[in-house]
Amino acid sequence: MATGMKYAFFAVLIAVLGVGGWFGGRMAIESVVHDYILEHPEILPQAMENLQNQQSSKQLAGVRQSVETPFPGAVLGNPQGKVTLVEFSDYACGYCRASLPDVIELVKKNPDLRIVIRELPIISPHSPEAAKMALAAAEQGKFAEFHDAMFAAGQLDPQTIEATARAVGLDMERARKVAESKDVAAEIQRNYETAGNLGFGGTPSWIAGDRLISGAVGIDQLSNAVADARGS
């Protein structure tokens, strides 16, 4: 809503209160608000966005630090970046694969951006195996390589997961041990619980600042969310 428009709106409300008092004024105010919304429907999307941001902020209040703290190494972009974007992802998710170019573009355009990947294996019977291997790759400092190569592989099965791990140069004996470790199991379980608490029902899902975003929303919406997170 433009500043001048808002001032005029509030001036009318004050005038109504002054004339009608609190008792008669309430009905008059409701009428003014009703008429104003009909005349200026463009304020509704902004109002809804503000409401959603308030609700998101409340949902994130108790988990922000933990959700923005990555499993060691499971980060894209600048690991020390001051701006954080969180993505809940599944290697069997076609929408996650389609969003990968957007993620790459964000990293290129934002040198201060840290993208925390939270593995959320919910789609395929083979999703957990891929998620575990990705975290094993993170432990060896090769998360980004595995992440990109796994999506590029185009299919998800045990043979492709292992072939991708070998292709990016993982120590396979070490990777298998880490993939079956308690730390990796705890990380994935924590991601299930966090996603559920935040109301995420699928992948990709994103957190930027106080925004909770679901779906492959495209580069423009993600860029705006990152810009808002930087300014918050």
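Predicted model: local features only at pLDDT ≥ 70, side-chain atom pairs only at ≥ 80, totals over all residues.
Next I checked the rings. Rings of Phe, Tyr and Trp (its six-membered ring) pair if their centres lie within 6.5 Å; planes under 30 degrees apart count as stacked, over 60 as edge-to-face and the rest as tilted. I noted 3 aromatic pairs by this rule. For Tyr 91 and Phe 146, the centres are 6.0 Å apart and the planes stand at 85°, so I filed the pair as edge-to-face. Tyr 91 sits in the loop between strand S2 (83–89) and helix H4 (94–109), while Phe 146 is in helix H6 (residues 143–153), 55 residues apart. Helices (H or I, at least four residues) and strands (E, at least two) are DSSP runs, numbered from the N terminus.

Then I took Tyr 91 with Phe 151. Their ring centres are 4.9 Å apart and their planes at 45°, so this pair is tilted. Phe 151 is in helix H6 and Tyr 91 in the loop between S2 and H4, so the pair ties together parts 60 residues apart in sequence. I recorded Tyr 91, Phe 146 and Phe 151 as one aromatic cluster.

Last, I turned to Ile 123. This residue lies in the loop between strand S3 (113–119) and helix H5 (127–139). Ile 123 counts as partly exposed because its relative accessibility is 46%.

On method, residues are numbered from 1 along each chain as its sequence is written. Local features need pLDDT of at least 70, side-chain atom pairs count only at pLDDT 80 or more, and totals for chains, interfaces and linings use all residues, while side-chain values use heavy atoms, without hydrogens and water.

Terms used
Buried < 20%, exposed > 50% of the residue type's maximum accessible area, 1.4 Å probe, protein only.
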